[in-house]
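Have a look at the structure, then follow the points below.

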Amino acid sequence: MKQAIYGLIFYIFLMLPPVISISESIMVLHMHMQMPLLVIVGMLFTPYLKEKFPGFFEKWNTNGVPGTLLFFIILIYWMMVPRAMDDAISTLSVEIFKFISLPFLAGVPLRDSWKKLSKRGQSTALISFAIVYGIVSLLYIASPNQLCNNYIVAEQKALGWTSLFTAIGILIYYVQSLFIEEELEE
Amino acid sequence: MMKNKQQVIAIVLVMVFGFILYFVGTDGFKAFTAESARTLQLEQDRPTFPNVILEDSKERMYSFSEFEGKYVMLTFIYTACTDVCPQLEMNLAEVYKQIPDNYIGEEIVFLSISFDPDRDDIEALKKYSHYFNSDEETWRMTRIPDKQELQNLLDSFGVIVIPDNSGNFTHNSAFYLVDPEGKLVEVMDYTKIDEAAKKVNAILNKKVGE
(Lines give C-alpha, C1' and ligand atoms only; values in the text may rest on other atoms or scores of the structure.)
Protein backbone atom coordinates (compact mmCIF):
# COMPACT_ATOMS: atom_id res chain seq x y z
CA MET A 1 0.00 0.00 0.00
CA LYS A 2 2.78 2.37 0.99
CA GLN A 3 4.54 1.74 -2.32
CA ALA A 4 1.36 2.45 -4.25
CA ILE A 5 0.99 5.83 -2.51
CA TYR A 6 4.59 6.75 -3.32
CA GLY A 7 3.93 5.59 -6.86
CA LEU A 8 0.83 7.76 -7.11
CA ILE A 9 2.64 10.85 -5.81
CA PHE A 10 5.45 10.20 -8.27
CA TYR A 11 2.96 9.62 -11.10
CA ILE A 12 1.19 12.92 -10.44
CA PHE A 13 4.53 14.70 -10.19
CA LEU A 14 5.54 13.39 -13.64
CA MET A 15 2.23 14.59 -15.05
CA LEU A 16 2.70 18.20 -13.97
CA PRO A 17 2.91 20.34 -17.11
CA PRO A 18 6.24 22.01 -16.24
CA VAL A 19 7.76 18.63 -15.43
CA ILE A 20 6.49 17.26 -18.74
CA SER A 21 7.87 20.17 -20.69
CA ILE A 22 11.31 19.87 -19.08
CA SER A 23 11.51 16.11 -19.42
CA GLU A 24 10.51 16.23 -23.07
CA SER A 25 12.66 19.19 -24.05
CA ILE A 26 15.80 17.05 -24.33
CA MET A 27 15.73 13.79 -26.19
CA VAL A 28 17.87 11.88 -23.71
CA LEU A 29 15.71 13.03 -20.79
CA HIS A 30 12.60 12.02 -22.68
CA MET A 31 13.70 8.48 -23.41
CA HIS A 32 16.14 7.69 -20.63
CA MET A 33 14.56 9.57 -17.73
CA GLN A 34 10.85 10.18 -18.19
CA MET A 35 10.06 6.83 -19.75
CA PRO A 36 11.95 4.65 -17.22
CA LEU A 37 10.45 6.68 -14.36
CA LEU A 38 6.99 5.91 -15.71
CA VAL A 39 7.90 2.22 -15.79
CA ILE A 40 9.07 2.50 -12.15
CA VAL A 41 5.76 4.12 -11.23
CA GLY A 42 4.04 1.02 -12.61
CA MET A 43 6.37 -1.20 -10.57
CA LEU A 44 5.43 0.67 -7.41
CA PHE A 45 1.76 0.05 -8.15
CA THR A 46 2.25 -3.68 -8.74
CA PRO A 47 1.93 -5.07 -5.16
CA TYR A 48 -1.27 -3.11 -4.61
CA LEU A 49 -2.78 -4.28 -7.89
CA LYS A 50 -1.80 -7.88 -7.19
CA GLU A 51 -3.51 -7.65 -3.83
CA LYS A 52 -6.65 -6.26 -5.46
CA PHE A 53 -6.78 -8.65 -8.39
CA PRO A 54 -4.84 -11.75 -7.31
CA GLY A 55 -6.74 -14.03 -9.71
CA PHE A 56 -5.97 -12.00 -12.78
CA PHE A 57 -2.20 -12.13 -12.47
CA GLU A 58 -2.22 -15.75 -11.34
CA LYS A 59 -4.44 -16.80 -14.21
CA TRP A 60 -3.05 -14.85 -17.13
CA ASN A 61 0.59 -14.50 -16.19
CA THR A 62 1.32 -17.79 -14.43
CA ASN A 63 4.84 -18.29 -15.73
CA GLY A 64 5.70 -14.66 -16.44
CA VAL A 65 6.17 -15.10 -20.17
CA PRO A 66 3.11 -13.14 -21.41
CA GLY A 67 3.94 -10.27 -19.04
CA THR A 68 7.57 -10.11 -20.15
CA LEU A 69 6.49 -10.18 -23.76
CA LEU A 70 4.07 -7.31 -23.19
CA PHE A 71 6.84 -5.35 -21.47
CA PHE A 72 9.11 -5.78 -24.49
CA ILE A 73 6.40 -4.85 -26.97
CA ILE A 74 5.78 -1.56 -25.17
CA LEU A 75 9.50 -0.92 -24.66
CA ILE A 76 10.38 -1.52 -28.31
CA TYR A 77 7.50 0.63 -29.49
CA TRP A 78 8.67 3.65 -27.52
CA MET A 79 12.36 3.17 -28.22
CA MET A 80 12.57 1.96 -31.79
CA VAL A 81 9.76 3.71 -33.61
CA PRO A 82 11.28 7.18 -33.94
CA ARG A 83 7.97 8.88 -34.53
CA ALA A 84 6.53 7.61 -31.24
CA MET A 85 8.31 10.39 -29.34
CA ASP A 86 7.35 13.01 -31.92
CA ASP A 87 3.75 11.87 -31.81
CA ALA A 88 3.74 11.99 -28.02
CA ILE A 89 4.84 15.62 -28.16
CA SER A 90 2.46 16.69 -30.90
CA THR A 91 -0.63 14.55 -30.22
CA LEU A 92 -2.42 14.51 -26.89
CA SER A 93 -3.89 11.03 -27.31
CA VAL A 94 -0.45 9.52 -27.90
CA GLU A 95 0.90 11.38 -24.87
CA ILE A 96 -1.91 9.92 -22.75
CA PHE A 97 -1.16 6.50 -24.17
CA LYS A 98 2.46 6.94 -23.10
CA PHE A 99 1.46 7.78 -19.54
CA ILE A 100 -0.80 4.71 -19.40
CA SER A 101 1.19 2.16 -21.38
CA LEU A 102 4.58 2.61 -19.71
CA PRO A 103 3.41 2.16 -16.10
CA PHE A 104 0.56 -0.31 -16.61
CA LEU A 105 1.59 -2.29 -19.68
CA ALA A 106 5.34 -2.27 -19.05
CA GLY A 107 6.08 -1.58 -15.36
CA VAL A 108 3.32 -3.70 -13.83
CA PRO A 109 3.80 -6.80 -16.00
CA LEU A 110 7.59 -6.63 -15.63
CA ARG A 111 7.55 -6.66 -11.84
CA ASP A 112 4.83 -9.28 -11.76
CA SER A 113 6.71 -11.47 -14.23
CA TRP A 114 10.27 -11.19 -13.01
CA LYS A 115 10.04 -13.47 -9.96
CA LYS A 116 7.94 -15.96 -11.91
CA LEU A 117 10.50 -16.33 -14.67
CA SER A 118 12.95 -19.18 -14.51
CA LYS A 119 16.66 -18.43 -14.22
CA ARG A 120 16.94 -19.03 -17.94
CA GLY A 121 13.95 -16.81 -18.64
CA GLN A 122 15.54 -14.00 -16.65
CA SER A 123 18.82 -14.37 -18.52
CA THR A 124 17.02 -14.32 -21.86
CA ALA A 125 15.09 -11.21 -20.84
CA LEU A 126 18.25 -9.42 -19.66
CA ILE A 127 20.14 -10.23 -22.83
CA SER A 128 17.18 -9.20 -25.01
CA PHE A 129 17.03 -5.98 -23.02
CA ALA A 130 20.70 -5.30 -23.77
CA ILE A 131 20.15 -6.16 -27.44
CA VAL A 132 17.22 -3.71 -27.67
CA TYR A 133 19.41 -0.95 -26.24
CA GLY A 134 22.23 -1.96 -28.56
CA ILE A 135 20.03 -1.74 -31.64
CA VAL A 136 18.62 1.59 -30.49
CA SER A 137 22.12 2.97 -30.06
CA LEU A 138 23.09 1.80 -33.55
CA LEU A 139 19.93 3.27 -35.01
CA TYR A 140 20.48 6.69 -33.50
CA ILE A 141 24.27 6.89 -33.81
CA ALA A 142 24.49 5.59 -37.36
CA SER A 143 21.57 7.41 -38.91
CA PRO A 144 22.79 10.36 -40.97
CA ASN A 145 19.25 11.74 -41.11
CA GLN A 146 17.28 13.48 -38.46
CA LEU A 147 14.86 10.82 -37.26
CA CYS A 148 12.73 12.93 -34.96
CA ASN A 149 11.38 16.24 -36.13
CA ASN A 150 11.44 17.64 -32.62
CA TYR A 151 15.07 16.83 -31.88
CA ILE A 152 18.23 17.78 -33.77
CA VAL A 153 20.81 15.29 -34.97
CA ALA A 154 23.26 16.12 -32.15
CA GLU A 155 20.67 15.09 -29.57
CA GLN A 156 19.96 11.97 -31.55
CA LYS A 157 23.64 11.03 -31.39
CA ALA A 158 23.71 11.72 -27.65
CA LEU A 159 20.73 9.41 -27.26
CA GLY A 160 22.53 6.73 -29.24
CA TRP A 161 25.61 6.89 -27.04
CA THR A 162 23.65 6.85 -23.78
CA SER A 163 21.77 3.84 -25.09
CA LEU A 164 25.05 2.11 -25.80
CA PHE A 165 26.22 2.76 -22.23
CA THR A 166 22.93 1.40 -20.93
CA ALA A 167 23.35 -1.72 -23.05
CA ILE A 168 26.87 -2.22 -21.71
CA GLY A 169 25.61 -1.63 -18.16
CA ILE A 170 22.97 -4.32 -18.54
CA LEU A 171 25.52 -6.76 -19.95
CA ILE A 172 27.89 -6.13 -17.04
CA TYR A 173 25.01 -6.75 -14.65
CA TYR A 174 24.23 -9.98 -16.44
CA VAL A 175 27.81 -11.21 -16.38
CA GLN A 176 28.22 -10.48 -12.67
CA SER A 177 24.94 -12.27 -11.96
CA LEU A 178 26.49 -15.42 -13.40
CA PHE A 179 29.25 -15.36 -10.79
CA ILE A 180 27.61 -13.85 -7.76
CA GLU A 181 24.82 -15.77 -6.10
CA GLU A 182 21.89 -13.56 -5.26
CA GLU A 183 21.08 -15.59 -2.15
CA LEU A 184 24.26 -14.34 -0.52
CA GLU A 185 22.97 -10.79 -0.48
CA GLU A 186 19.56 -11.60 0.88
CA MET B 1 -2.55 -28.46 -18.95
CA MET B 2 -5.37 -25.98 -18.41
CA LYS B 3 -2.86 -23.46 -17.08
CA ASN B 4 -0.68 -23.92 -20.14
CA LYS B 5 -3.56 -23.23 -22.45
CA GLN B 6 -4.27 -19.98 -20.71
CA GLN B 7 -0.64 -18.93 -21.04
CA VAL B 8 -0.80 -19.57 -24.75
CA ILE B 9 -3.98 -17.51 -25.05
CA ALA B 10 -2.35 -14.71 -23.05
CA ILE B 11 0.71 -14.75 -25.30
CA VAL B 12 -1.43 -14.68 -28.43
CA LEU B 13 -3.47 -11.78 -27.05
CA VAL B 14 -0.31 -9.86 -26.22
CA MET B 15 1.02 -10.48 -29.73
CA VAL B 16 -2.23 -9.33 -31.32
CA PHE B 17 -2.18 -6.22 -29.16
CA GLY B 18 1.41 -5.58 -30.21
CA PHE B 19 0.55 -5.98 -33.87
CA ILE B 20 -2.35 -3.52 -33.59
CA LEU B 21 -0.18 -1.06 -31.65
CA TYR B 22 2.58 -1.08 -34.28
CA PHE B 23 0.08 -1.06 -37.13
CA VAL B 24 -1.77 2.00 -35.83
CA GLY B 25 1.41 3.68 -34.60
CA THR B 26 3.08 3.52 -38.00
CA ASP B 27 0.05 4.14 -40.23
CA GLY B 28 0.00 0.54 -41.37
CA PHE B 29 3.80 0.03 -41.32
CA LYS B 30 4.19 2.88 -43.80
CA ALA B 31 5.58 5.64 -41.60
CA PHE B 32 8.17 4.94 -38.92
CA THR B 33 9.36 8.51 -38.60
CA ALA B 34 7.32 11.62 -38.04
CA GLU B 35 8.68 12.98 -41.32
CA SER B 36 7.25 10.15 -43.43
CA ALA B 37 3.99 10.38 -41.47
CA ARG B 38 3.88 14.10 -42.20
CA THR B 39 4.31 13.59 -45.96
CA LEU B 40 1.62 10.93 -45.99
CA GLN B 41 -0.74 13.15 -44.03
CA LEU B 42 -0.07 16.23 -46.20
CA GLU B 43 -0.88 14.36 -49.39
CA GLN B 44 -4.18 13.29 -47.86
CA ASP B 45 -5.09 16.67 -46.36
CA ARG B 46 -3.97 18.85 -49.27
CA PRO B 47 -3.78 22.07 -47.27
CA THR B 48 -4.29 25.36 -49.08
CA PHE B 49 -1.39 27.78 -49.27
CA PRO B 50 -2.39 30.58 -46.88
CA ASN B 51 -2.65 34.00 -48.44
CA VAL B 52 0.61 35.50 -47.22
CA ILE B 53 2.54 38.51 -48.48
CA LEU B 54 5.81 37.56 -50.15
CA GLU B 55 8.73 39.86 -50.77
CA ASP B 56 11.20 38.87 -53.46
CA SER B 57 14.76 39.70 -54.48
CA LYS B 58 13.51 42.45 -56.79
CA GLU B 59 11.83 44.15 -53.83
CA ARG B 60 8.38 43.34 -55.15
CA MET B 61 5.66 42.57 -52.64
CA TYR B 62 2.69 40.45 -53.63
CA SER B 63 0.36 37.87 -52.16
CA PHE B 64 0.46 34.24 -53.10
CA SER B 65 -2.60 34.67 -55.33
CA GLU B 66 -0.14 36.26 -57.82
CA PHE B 67 0.48 32.70 -58.99
CA GLU B 68 -3.15 31.70 -59.43
CA GLY B 69 -3.64 29.49 -62.46
CA LYS B 70 -0.08 28.18 -62.33
CA TYR B 71 1.57 25.35 -60.54
CA VAL B 72 4.13 26.46 -57.98
CA MET B 73 7.13 24.34 -57.06
CA LEU B 74 8.52 25.55 -53.78
CA THR B 75 11.17 24.94 -51.15
CA PHE B 76 11.79 26.38 -47.70
CA ILE B 77 15.29 27.64 -46.98
CA TYR B 78 17.45 30.18 -45.19
CA THR B 79 20.43 31.62 -47.01
CA ALA B 80 22.92 31.31 -44.14
CA CYS B 81 22.40 27.56 -44.25
CA THR B 82 25.50 25.60 -45.15
CA ASP B 83 24.38 22.00 -45.38
CA VAL B 84 20.93 21.01 -46.59
CA CYS B 85 19.71 24.19 -48.30
CA PRO B 86 22.44 24.51 -50.94
CA GLN B 87 21.88 20.87 -51.83
CA LEU B 88 18.14 21.42 -51.87
CA GLU B 89 18.45 24.46 -54.13
CA MET B 90 21.00 22.82 -56.40
CA ASN B 91 18.59 19.93 -56.88
CA LEU B 92 15.72 22.34 -57.44
CA ALA B 93 17.80 23.98 -60.18
CA GLU B 94 18.25 20.54 -61.76
CA VAL B 95 14.50 19.97 -61.74
CA TYR B 96 14.00 23.44 -63.22
CA LYS B 97 16.31 22.52 -66.11
CA GLN B 98 14.33 19.37 -66.83
CA ILE B 99 11.05 21.22 -67.28
CA PRO B 100 10.35 22.14 -70.97
CA ASP B 101 10.94 25.85 -71.65
CA ASN B 102 7.41 26.50 -72.85
CA TYR B 103 6.04 25.47 -69.48
CA ILE B 104 8.38 27.60 -67.41
CA GLY B 105 6.68 30.76 -66.28
CA GLU B 106 3.49 29.89 -68.16
CA GLU B 107 2.35 26.76 -66.39
CA ILE B 108 4.75 26.60 -63.48
CA VAL B 109 6.70 28.98 -61.30
CA PHE B 110 9.54 28.07 -58.95
CA LEU B 111 9.68 29.66 -55.53
CA SER B 112 12.19 29.50 -52.69
CA ILE B 113 10.82 30.81 -49.44
CA SER B 114 13.12 31.88 -46.62
CA PHE B 115 11.98 31.21 -43.08
CA ASP B 116 14.62 33.52 -41.66
CA PRO B 117 13.29 36.99 -42.64
CA ASP B 118 15.47 38.73 -40.05
CA ARG B 119 18.76 37.89 -41.70
CA ASP B 120 17.54 37.21 -45.23
CA ASP B 121 17.04 40.75 -46.45
CA ILE B 122 16.65 41.73 -50.11
CA GLU B 123 20.43 41.81 -50.49
CA ALA B 124 20.82 38.26 -49.23
CA LEU B 125 18.02 37.01 -51.49
CA LYS B 126 19.61 38.71 -54.47
CA LYS B 127 22.92 37.08 -53.72
CA TYR B 128 21.20 33.72 -53.42
CA SER B 129 19.52 34.25 -56.81
CA HIS B 130 22.85 34.89 -58.49
CA TYR B 131 24.38 31.96 -56.72
CA PHE B 132 21.85 29.56 -58.18
CA ASN B 133 21.47 31.41 -61.48
CA SER B 134 17.78 31.99 -60.98
CA ASP B 135 16.19 34.56 -63.31
CA GLU B 136 14.24 36.16 -60.40
CA GLU B 137 11.09 35.85 -62.48
CA THR B 138 10.22 32.22 -63.14
CA TRP B 139 12.29 31.18 -60.13
CA ARG B 140 11.98 33.70 -57.35
CA MET B 141 13.80 33.95 -54.06
CA THR B 142 11.37 35.29 -51.50
CA ARG B 143 10.83 35.86 -47.83
CA ILE B 144 7.73 36.42 -45.74
CA PRO B 145 8.25 39.58 -43.69
CA ASP B 146 5.28 39.02 -41.40
CA LYS B 147 6.34 36.51 -38.74
CA GLN B 148 2.81 35.40 -37.91
CA GLU B 149 2.01 34.74 -41.56
CA LEU B 150 5.26 32.82 -41.92
CA GLN B 151 4.46 30.65 -38.92
CA ASN B 152 0.97 29.93 -40.25
CA LEU B 153 2.43 28.78 -43.54
CA LEU B 154 5.08 26.59 -41.88
CA ASP B 155 2.42 25.06 -39.64
CA SER B 156 -0.02 24.26 -42.41
CA PHE B 157 2.72 22.76 -44.61
CA GLY B 158 4.21 20.88 -41.67
CA VAL B 159 7.64 22.49 -41.88
CA ILE B 160 9.36 22.25 -38.51
CA VAL B 161 12.19 24.71 -37.94
CA ILE B 162 14.29 24.42 -34.78
CA PRO B 163 16.86 27.17 -34.16
CA ASP B 164 20.10 25.86 -32.66
CA ASN B 165 22.38 27.97 -30.50
CA SER B 166 24.82 28.95 -33.22
CA GLY B 167 22.38 30.90 -35.41
CA ASN B 168 21.53 27.97 -37.63
CA PHE B 169 18.33 26.01 -38.00
CA THR B 170 17.51 22.36 -38.15
CA HIS B 171 14.61 21.84 -40.51
CA ASN B 172 12.99 19.23 -42.66
CA SER B 173 13.31 19.63 -46.42
CA ALA B 174 11.31 18.60 -49.45
CA PHE B 175 9.98 19.86 -52.78
CA TYR B 176 6.42 21.07 -52.46
CA LEU B 177 4.10 21.32 -55.46
CA VAL B 178 1.07 23.59 -55.16
CA ASP B 179 -1.66 23.37 -57.80
CA PRO B 180 -3.24 26.32 -59.71
CA GLU B 181 -5.94 26.61 -57.01
CA GLY B 182 -3.32 26.99 -54.30
CA LYS B 183 -3.68 23.49 -52.88
CA LEU B 184 -0.66 21.40 -51.95
CA VAL B 185 -0.68 18.33 -54.19
CA GLU B 186 2.74 16.72 -53.85
CA VAL B 187 5.54 16.55 -51.33
CA MET B 188 8.60 15.10 -53.03
CA ASP B 189 11.91 13.74 -51.85
CA TYR B 190 14.42 16.46 -52.75
CA THR B 191 17.22 13.96 -53.28
CA LYS B 192 15.40 12.24 -56.15
CA ILE B 193 15.73 14.85 -58.88
CA ASP B 194 14.71 12.79 -61.90
CA GLU B 195 11.75 11.31 -60.14
CA ALA B 196 10.52 14.74 -59.10
CA ALA B 197 11.01 16.22 -62.59
CA LYS B 198 9.18 13.31 -64.18
CA LYS B 199 6.27 13.72 -61.79
CA VAL B 200 6.03 17.48 -62.36
CA ASN B 201 6.24 17.09 -66.14
CA ALA B 202 3.48 14.49 -66.12
CA ILE B 203 1.26 16.80 -64.10
CA LEU B 204 2.00 19.75 -66.42
CA ASN B 205 1.37 17.67 -69.56
CA LYS B 206 -1.98 16.72 -68.13
CA LYS B 207 -2.79 20.35 -67.35
CA VAL B 208 -1.91 21.54 -70.86
CA GLY B 209 -3.80 18.63 -72.41
CA GLU B 210 -7.02 19.58 -70.67
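The centres of domain 1 and domain 2 of chain B, taken over C-alpha atoms, are separated by 45 Å. Domain 1 of chain B covers 2-30 and domain 2 covers 47-209, with bounds that come from an automatic or database domain assignment. Please keep in mind that this is a predicted model, in which local features need pLDDT of at least 70, side-chain atom pairs count only at pLDDT 80 or more, and totals for chains, interfaces and linings use all residues. Residues are numbered from 1 along each chain as its sequence is written, while chains are lettered from A and ligands numbered from 1 in the order in which they are written.

**Strand β3 of chain B**

- Buried here means 20 or more other C-beta atoms within 10 Å of the residue's own, exposed means 12 or fewer, and partly exposed lies in between, with C-beta atoms placed from the backbone.
- Strands (E, at least two residues) and helices (H or I, at least four) are DSSP runs, numbered from the N terminus.
- Each face of β3(B) is covered: B:Tyr71, B:Met73, B:Thr75 and B:Ile77 are buried on one side, and B:Val72, B:Leu74 and B:Phe76 on the other.
- β3(B) runs parallel to strand β4(B) (residues 108-114), to which 7 bridges join it; two strands pair if DSSP finds at least two bridges between them.
- Strand β8(B) (residues 175-178) is antiparallel to β3(B) and is joined to it by 3 bridges.
- B:Leu74 has bridge partners in both of these strands: B:Leu111 in β4(B) and B:Tyr176 in β8(B).

**Where the chains meet**

- Contact between the chains involves 22 residues of chain A and 22 residues of chain B, where contact means C-beta atoms, placed from the backbone, within 7 Å.
- On the chain A side, the elements giving two or more residues are α4 (54-60), α5 (65-80) and α6 (82-90). The largest share, 6 residues, comes from α5(A).

**Nonpolar cores**

- A nonpolar core is a set of buried Ala, Val, Leu, Ile, Met, Phe, Trp, Tyr and Cys residues joined through C-beta atoms within 7 Å. The largest one has 41 residues, of which A:Leu70, A:Ile74, A:Trp78 and A:Ala106 touch the most other members.
- Elements giving two or more residues to this core come from both chains, including α7 (92-114) of chain A and α1 (2-25) of chain B. α5(A) contributes the most, with 10 residues.
- Leaving aside neighbours within four places in sequence, A:Ile74 is in contact with A:Ser101, A:Leu102, A:Leu105 and A:Ala106.
- Another core, of 37 residues, lies apart from the largest one and has B:Phe49, B:Leu92, B:Val178 and B:Leu204 among its members.

**Positive phi in chain B**

- B:Phe29 is not a glycine, yet its phi is positive, at about 60°. B:Phe29 sits in the loop between α1 and α2 of chain B and counts as exposed because it has 9 C-beta neighbours inside 10 Å.
- B:Arg46, also not a glycine, has a positive phi of about 50°. B:Arg46 belongs to the loop between α2 and β1 (53-56) of chain B, and with 13 C-beta neighbours inside 10 Å it counts as partly exposed.

Conventions
Contact = placed C-beta atoms within 7 Å.
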